[in-house]
Amino acid sequence: MKENTKDVKKIKLYKGKKKKTAEEDAAIQYLQAQYEKIVPDEIKTFKDLPLSQKTLKGLKDNNYNVPTEIQKQAIAYALQGKDILGAAKTGSGKTLAFLVPILEILFCKKWTRLDGVGALVISPTRELAYQIYETLRKVGRFHDFSAGLIIGGQNLKFERKRMDQINILICTPGRLLQHMDENPLFDCSHLQILVLDEADRCLDMGFEPTMNAIIENLPPERQTLLFSATQTKSVKDLARLSLSFPTYVAPHEQAATVTPESLQQSYIVCEIDEKIGILWSFIKNHLKQKVLVFMATCKQVKYTYDLFCKLRPGVSLLALYGTLHQEKREKIYNEFCRKSNVVLFATDLASRGLDFPRVNWVIQMDCPEDVDTYIHRAGRTARGIFGKGEGLLMLLPNEEKIVDDLQNRKIPINKISVDPSKVIAPQRKIEALLSDNTELKQTAQRAFVSYLKSIFLMKNKDIFNVQLLDTDAYARSLGLIVPPRIRFLYKYQKNHTSKQPEETENNNDVVEKLKANVINNDTAFEESESEDQKVDDQVQETKNSKSQKSKKDLIKFDFHNDDSDEDDFLQVKKTDVDVETSPLQEEKTKSKKKAKPITKAAVAKKILKRKIKVNTKVKFTEEGEAIADEKKDVKSELAKQFINENVGGIDIEKAKEVLREEDKYDKIRFREKVKAKHREHKRKLKNKKKEEEGDKDDFGSQSESDGPDLSWLPDPDKVYGKNNNSDVELDSNDDSNRSNTQSDDEHSEEEDEKYHRPTKRKLVESRGIPQESVAPRKMKKVQDLSASLSVQEAEALAMQLLRNKS
Ligand code: ADP
Ligand code: MG
């Protein structure tokens with residue numbers, strides 16, 4: 001019976017599967033037959049496209065009924081198997097333009113989990129990758145493919161195990177390369193479709209070596225789709241991807257504007273120190289709106305966020321930048337998506353592709369690097385079919401030149417002016433906050449330096465000129481009364497004056513390269529996270545070898561000397577920050593075959609070589625004698641020998657051994673200290689007890705060592721003469737006695753712990769102190785006696801005494 005059921009089940013299953021497969025085959029054949037007949041212009045709804053029922057249902061369930069222009073064209077050509085260069089305005093629906101073909105192509109190829117990675121989507125930022133992944137999950141939920149999100153900052157081990165089961169992989173470049181390099185389960189040899197979203201960004205200098213390495217690992221006979229609002233047409237880029245004749249799909253090429261029509265754009269020109277006040281006033285005037293504010297660097301975002309939170313504008317504030325922890329980034333991203341009255345401060349990390357719903361305003365507080373950056377930043381609003389929004393660009397007088405470039409690129413932007421009466425700069429409050437809060441002050445200093453660095457590194461020197469900035473005014477506007485030192489600039493200027501003009505030109509090339517790196521690192525460069533360190537190193541190596549030629553007359557820019565040690569440009573250290581150098585340094589650089597990345601150990605070695613003496617802190621007693629720091633005295637023979645040898649460099653093994661030896665002595669010293677503390681504590685307790693008992697004595701029972709200083713009292717011996725009054729207990733202040741008492745060394749103290757302390761009387765006796773030397777008790781008795789008499793009795797007593805005297 002049991003067997004029978006099993007058989008039936010088997011048969012049923014077999015039959016069902018066969019039937020399904022047959023149906024599917026037929027459907028696939030039908031769909032594929034339609035592909036060549038698609039005329040994009042005739043398509044009205046998604047149903048007019050030859051799409052599988054699963055995809056159509058996924059689209060319908062998410063209210064995607066009418067395809068946008070880019071979707072019509074890109075889906076049509078992609079289904080026909082063409083490589084695509086897709087260019088369409090921000091918010092025009094490019095995501096579905098590549099997700100739908102991915103689902104369809106894999107569906108028609110009857111892709112299963114066992115077939116491995118069939119489609120790869122690369123995004124320049126984690127947030128964008130996450131967004132694409134979410135859209136794919138929604139639209140592709142009726143398909144049987146498995147999708148995976150592979151981004152930095154996530155659990156690498158977890159990702160590793162799952163890698164072999166993923167069919168559609170959404171990833172960022174750094175993490176993908178890491179899997180390619182390290183994960184034996186990663187196999188993309190059957191890849192069918194490669195998609196680069198924000199393709200121009202993926203292919204730019206920041207990702208160049210990573211992307212080259214990735215592309216090398218991919219099978220060449222794949223279909224490639226590139227999408228961006230600012231598409232690359234560079235032959236070099238296309239060649240890198242082995243794209244010889246891609247179909248250029250640009251439905252908005254003839255449009256009057258390159259930005260969405262429903263996006264209102266304006267700009268203001270202001271002085272650098274007015275920016276904070278204008279931003280503050282803007283936020284205060286738009287409390288019921290969703291605002292996205294772009295700034296040049298992470299440190300500026302962090303400072304403005306910290307500061308404004310303290311100033312309490314009356315609206316939720318958020319900050320999103322690359323150096324934040326991944327979990328936080330995700331939380332902030334989701335929060336900004338969800339909320340409607342909120343201000344998000346962000347770096348260009350948020351400028352590409354992110355589809356935050358219902359953003360009312362995009363403020364560009366710092367001038368964008370170029371027109372493309374402007375388009376992407378502004379494009380975070382006015383998205384989708386009905387989206388509306390406004391953009392405001394803040395420009396310094398010198399930066400106004402960028403407006404010509406914007407208008408030449410068909411961006412309709414108008415100048416507006418700010419009503420000064422409506423600008424309320426909370427200058428005093430900011431200064432007060434900073435004077436009260438060193439941490440905030442430091443953040444402000446870092447923001448200041450990082451902004452100047454970002455301007456310094458900009459390629460377009462016509463627009464961005466750090467020399468023209470009123471840095472003092474800028475510092476003041478941030479609440480810094482004393483402007484921080486701008487060492488990198490002084491250093492640059494020093495080198496610059498000794499340079500020839502043609503060398504400066506050469507330098508510009510490198511600064512350009514560097515800028516790309518800075519922007520990448522500051523915003524979203526995946527590989528900068530610790531987990532991706534290895535990739536980083538590879539990236540570094542490739543970059544080093546690539547930039548050898550241009551490096552001839554350049555040195556590594558030493559940001560270690562800068563005020564802000566771990567500023568946004570920290571990663572610049574990793575990516576060869578080069579500026580001009582003196583001929584001497586030039587020689588050095590030439591002689592180096594391959595520049596190594598600077599490690600901490602290398603820096604330490606450098607310092608050792610230079611024989612830089614580190615300052616030491618010496619403590620003094622009140623008398624001005626130096627107090628030896630016993631912690632710094634080495635005790636072990638090994639350590640002494642180690643110091644005497646004074647070998648250059650760092651022998652970590654030896655140092656460890658020495659530390660272990662020294663540790664033994666440290667433990668002994670520590671034990672002694674603890675013991676001494678316990679003894680002191682016990683002694684104090686005992687004294688306290690005695691004090692409580694000792695109300696009988698007037699002076700309590702404190703020992704000399706910790707009793708009150710009574711040295712100012714006259715010598716009782718001299719005052720009262722010697723007598724043998726046995727009531728007296730203690731003379732507190734005979735110098736010889738004190739020294740005796742003080743010589744109560746550890747031994748006597750230890751004994752104290754075992755036995756009761758001798759009574760004060762015994763002490764006094766044993767020290768040979770004449771007992772009559774303390775008379776106050778006697779005096780007190782007399783005083784007491786007279787005090788208890790009545791006036792008459794006192795008079796009588798006085799008379800008697802007088803009589804006796806006479
Ligand atoms: P892009 O990548 O071009 O900047 P997105 O793909 O992020 O644009 O899409 C922008 C917005 O438009 C998203 O919110 C998306 O849900 C919406 N959208 C895309 N396609 C359609 C469509 N066919 N119908 C309605 N809304 C759409
Ligand atoms: Mg997009």
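Me: What classes of residue make up the lining of the largest cavity?

Reply: Sorted by class, this lining has eight nonpolar, two polar and two charged residues, where Ala, Val, Leu, Ile, Met, Phe, Trp, Tyr, Cys and Pro count as nonpolar, Asp, Glu, Lys and Arg as charged, and the others, Gly among them, as polar. The model is a predicted one, in which local features need pLDDT of at least 70 and side-chain atom pairs count only at pLDDT 80 or more, whereas totals for chains, interfaces and linings use all residues, and side-chain values use heavy atoms, with hydrogens and water left out. Residues are numbered from 1 along each chain as its sequence is written, while chains are lettered from A and ligands numbered from 1 in the order in which they are written.

Me: Why is a space called a cavity rather than a pocket, and how many cavities are counted here?

Reply: On a 1 Å grid over the protein atoms alone, a cavity is a set of points where a 1.4 Å probe fits but cannot get out, whereas a pocket is an open set with protein on both sides within 12 Å along at least five of seven lines. The count comes to eight cavities of 30 Å³ or more, and the largest has a volume of about 90 Å³, a volume being the space filled by probe spheres set on the points, which are joined across faces, edges and corners.

Me: What is known of the second largest pocket and its lining?

Reply: This pocket holds about 1200 Å³ of space and is lined by 45 residues, of which Tyr64, Gln131, Asp355, Arg383 and Gly384 lie nearest its centre. Helix H4 (94-108), helix H5 (126-139) and helix H13 (326-338) each give two or more residues to the lining, H5 giving the most, with seven. By class, the lining divides into 16 nonpolar, 18 polar and eleven charged residues.

Me: What makes S10 and S14 edge strands?

Reply: The open sheet of seven strands runs S10-S11-S9-S12-S13-S8-S14 with parallel pairing, and strand S10 (316-320) and strand S14 (414-415) are its edges, since each pairs on one side only. Serine 266 stands opposite asparagine 414 in S14.

Me: How do you know whether cysteine 337 and cysteine 367 are buried or exposed, and how many disulfides are found?

Reply: Cysteine 337 has a relative accessible area of 16% and is therefore buried, and cysteine 367, at 5%, likewise counts as buried. A disulfide is a pair of cysteine sulfur atoms within 2.5 Å, and a search of the whole structure finds zero.

Key. Buried < 20%, exposed > 50% of the residue type's maximum accessible area, 1.4 Å probe, protein only. 1 Å grid on protein atoms, 1.4 Å probe; cavity = no way out; pocket = protein on both sides within 12 Å on 5 of 7 lines; lining within 4 Å. Pairing = 2+ DSSP bridges. Helix = DSSP H or I, 4+ residues; strand = E, 2+ residues; numbered from the N terminus.
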